[in-house]
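Have a look at the model first, then run through the notes below.

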Amino acid sequence: MPSLTNQAKTIAGNGVGTRTRVINLAKTNMTQSELDAALEYLTHGDSTDNTTDGPHTIAGVSVLTEAGVFTTGTTDNVQIAIQGTSAFTAGANFGTGNTGVTSSLIADISIVS
């Protein structure tokens with residue numbers, strides 16, 4: 001019969017960085033240039049005081065479609081994993097310029113202390 005040999009606790013956290021957030025970028029028929037503008041904005045921040053959106057490291061980009069491939073002018077949602085402690089503010093027209101892309105936060109995972 002199996003037995004419990006330690007009293008470990010499960011707590012939220014990750015092993016991939018101080019803070020990892022998964023965001024969704026959404027726009028009907030998103031183009032490559034719109035996606036690029038949003039990714040550029042994520043890596044450089046808002047370039048004023050970075051209190052609205054600071055610079056982040058992009059840890060991953062995924063498209064949760066059957067094929068798993070971004071198709072410019074067709075794909076509507078792209079998921080991005082970002083790392084860093086800078087500010088992130090979800091909202092419309094996310095990115096550099098008037099992109100029409102809406103960003104939303106899916107998960108926010110902080111380091112285990």
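**A loop threonine and its sheet**

The side chain of Thr-75 has a polar atom 2.8 Å from the backbone nitrogen of Thr-71, a polar contact (N or O atoms within 3.5 Å, one able to donate a hydrogen and the other to accept it; sequence-adjacent residues count only if both atoms are side-chain atoms). Keep in mind that this is a predicted model: local features need pLDDT of at least 70, side-chain atom pairs count only at pLDDT 80 or more, and totals for chains, interfaces and linings use all residues. Residues are numbered from 1 along each chain as its sequence is written, and side-chain values use heavy atoms, with hydrogens and water left out.

**Around Thr-75**

- Thr-75 sits in the loop that links strand S2 (57-62) to strand S3 (77-83); strands are DSSP runs of E, at least two residues, numbered from the N terminus.
- Thr-75 counts as buried because its relative accessibility is 6%, where buried means under 20% (1.4 Å probe, protein chains only).
- Leaving out residues up to four places away in sequence, Thr-75 touches Lys-27, Asn-29, Met-30, Val-63, Val-69 and Phe-70, with contact meaning heavy atoms within 4.5 Å.

**The sheet**

- Four strands form an open sheet in the order S2-S3-S1-S4, with antiparallel pairing; strands pair if DSSP finds at least two bridges between them.
- Its edge strands are S2 and S4 (102-110), each pairing on one side only.

**Strand S1 and its partners**

- S1 (residues 19-26) runs antiparallel to S4, joined by eight bridges.
- Thr-20 stands opposite Ile-109 in S4, and Ala-26 stands opposite Thr-102 in S4.
- Seven bridges tie S1 to S3, also antiparallel, and Asn-24 has Gln-79 in S3 as its bridge partner.

Conventions. Buried means under 20% relative accessible area, exposed over 50%, partly exposed in between (1.4 Å probe, protein chains only).
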